[in-house]
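The following questions and answers examine the fold of one protein chain. Please consult the sequence and the coordinates alongside them.

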Amino acid sequence: MQASEQHRSSSMYHQQLQQIEAYNLPQYRTLNHQLYYNDGGQFSTPSSSELYCTLESSSATGSFTVYNSPSTVSFSPNGSPISQQDSQSYSYPPEQYHSPDNNYGSPMSGSCITDDVSSFKHKLRELESVMLGPDSDNIDSYDSAISNATNFVSLEMDSWRQTMVAISTKNLKHILIACAKAIADNDLLMGQWLMDELRQMVSVSGEPVQRLGAYMLEGLVARLSASGSSIYKALRCKEPESSELLSYMHILYEVCPYFKFGYMSANGAIAEAMKDEDRVHIIDFQIAQGSQWITLIQAFAARPGGPPHIRITGIDDSTSAYARGGGLHIVGKRLSKLAQHFKVPFEFHAAAISGCDVQLHNLGVRQGEALAVNFAFMLHHMPDESVSTQNHRDRLLRLVKSLSPKVVTLVEQESNTNTAAFFPRFLETLEYYTAMFESIDVTLPREHKERINVEQHCLARDLVNIIACEGVERVERHEVLGKWRSRFAMAGFTPYPLSSLVNGTIKKLLENYSDRYRLVERDGALYLGWMNRDLVASCAWK
């Protein structure tokens, strides 16, 4: 009999609790709707042709259709989502939006929860005492369940409040983060709504955060539409001619010291290691335009006792070949002409192959040559153990170590996006590229006609790939220097400290740029940063 009464009491409790939840909690429906503003200030499902993407990451028709549903979705004046299939449309005057009497389904007030829960608990205690006796302790579990439900609702309310405040104050960063969090939690209704808000705030020609926001938004759109890989390979906007892309890369090289810093620090380590060598072989795993070696050839030409014989093996793939407008022979011809001008004995060996495919026979190693290996902005493209069992990232390091090089140089972006899950990866990317875009803004005026092209073709692709892609399709996989240290140590390398001369040379270089750049020497490595954020790290190994 007592068990039967307990069962009836439990059923009555759950029935009452469901009524409380139905009254106080926001009602979320199937998250398969697109949202947009209608003329009345509410949100509704748009036609696919109404949606806009910054870089046109949509399908071939120009639309971005991900979810389809016969129902539409509206938002109450305070921002709570409700399905039009299950509710009537209500209209409030603006002065009632924050009225203490307007608590029906509004996330802006939680007082009704406190009052009803308190009253319900009191009545439940009376009923429990009558039916089960004064010694029953079942009410403790009910207290815990109600407390947990109240805390959950409170957190949801706080999140809604913060989001609504961010929208009203146009806090672009907050809304970007909230949108990414919604997508990470598979809350697609919230994500689509915030994307519509973001489209009204971002601009590829605005302030740094607006420009960055435009590409971050594009990454989020591409992630939902599973088009991240195609954007990385070729943006929907007109692909620039090779000469144009080369000019954009050159502009970025000139306006930001990041590449010069990396090349100069690596060259300094190589020059120091090879100061007494007569024959030098340099293997560059991503030679691109060959710009890094111009200053080193000049430095060797001025070496006391005469220059050494230099042979460079240039490894590269088709992406850089497109920017060059041709194969590696273009780089070889340019560097050979330069070396001839400075009377430096020179050879060039081309290896038009991806780093993942490099084997020992591709490197052309010869006896009697002192070997230097250069990894400048390259190793982060190699898939590691989290992507492939082949682990080309560590395989290449072991291969290079087997060649017994005198020095190996590493230059990489100081960012942690390799194995991080989507949401922390988004936060890291937002912080990193905020500093990058701010530094560009100082040097390259916003009205500069080529600035948009530089950011779009040299930065946006990588950014979209980090946000939108997963698995083997995500090729931008940066690691912080601490992780690189571990990989080099496991491959058998030991640190090769950079000389103070390199540090002094780079400090002189930075005098030509903003004083907000900072150079830090730490644990035998050099870090170049913008204000309080490290952006590029450089070190050497042997």
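Two strands are taken to pair if DSSP finds at least two bridges between them; helices (H or I, at least four residues) and strands (E, at least two) are DSSP runs numbered from the N terminus. This is a predicted model, in which local features need pLDDT of at least 70, side-chain atom pairs count only at pLDDT 80 or more, and totals for chains, interfaces and linings use all residues. Residues are numbered from 1 along each chain as its sequence is written, and side-chain values use heavy atoms, with hydrogens and water left out.

Q: How many helices and strands does the chain have?
A: The chain has 542 residues, of which 51% are buried (under 20% relative accessible area; exposed is over 50%, partly exposed in between, with a 1.4 Å probe and protein chains only). Its secondary structure comes to 17 helices and twelve strands.

Q: How many bridges join strand β5 to β8?
A: Strand β5 covers residues 279–284 and runs parallel to β8. Within this pairing, valine 280 stands opposite alanine 370, and isoleucine 282 has alanine 372 as its bridge partner. The number of bridges joining β5 to β8 is five.

Q: Which residue of β6 is the bridge partner of isoleucine 282?
A: Strand β5 is also joined to β6 (residues 309–316), in parallel, by six bridges. The two strands and helix α10 (residues 292–301) make a right-handed β-α-β unit, right-handed meaning that, with the strands pointing away from the viewer, the path from the first strand over the helix to the second runs clockwise. In β6, the partner of isoleucine 282 is isoleucine 312.

Q: Which helix does the chain pass through in crossing from β8 to β9?
A: Strands β8 and β9 (residues 407–413) run parallel and are joined by five bridges. The β-α-β crossover between them is right-handed, and its helix, at residues 392–401, is α13.

Q: Why is strand β8 described as largely enclosed by the rest of the structure?
A: In a regular strand the side chains alternate between the two faces of the sheet. On one side of β8, Ala370, Ala372, Asn374 and Ala376 are buried, and on the other Leu371, Val373 and Phe375 are buried. Strand β8 (residues 370–376) is therefore largely enclosed, its buried residues numbering seven of seven.

Q: Is alanine 288 buried or exposed?
A: Alanine 288 lies in the loop between β5 and α10. Its phi is positive, near 50°, in a residue other than glycine. Because its relative accessible area is 15%, alanine 288 counts as buried.

Q: Is lysine 343 buried or exposed?
A: Lysine 343 is placed in the loop between α12 (329–341) and β7. Its phi is also positive, near 60°. With a relative accessible area of 69%, lysine 343 is exposed.

Q: Which residues does aspartate 357 touch?
A: Aspartate 357 lies in the loop between β7 (346–352) and β8. At 46% relative accessibility, aspartate 357 counts as partly exposed. Its contacts (heavy atoms within 4.5 Å), not counting residues up to four places away in sequence, are Asn362 and Arg395.
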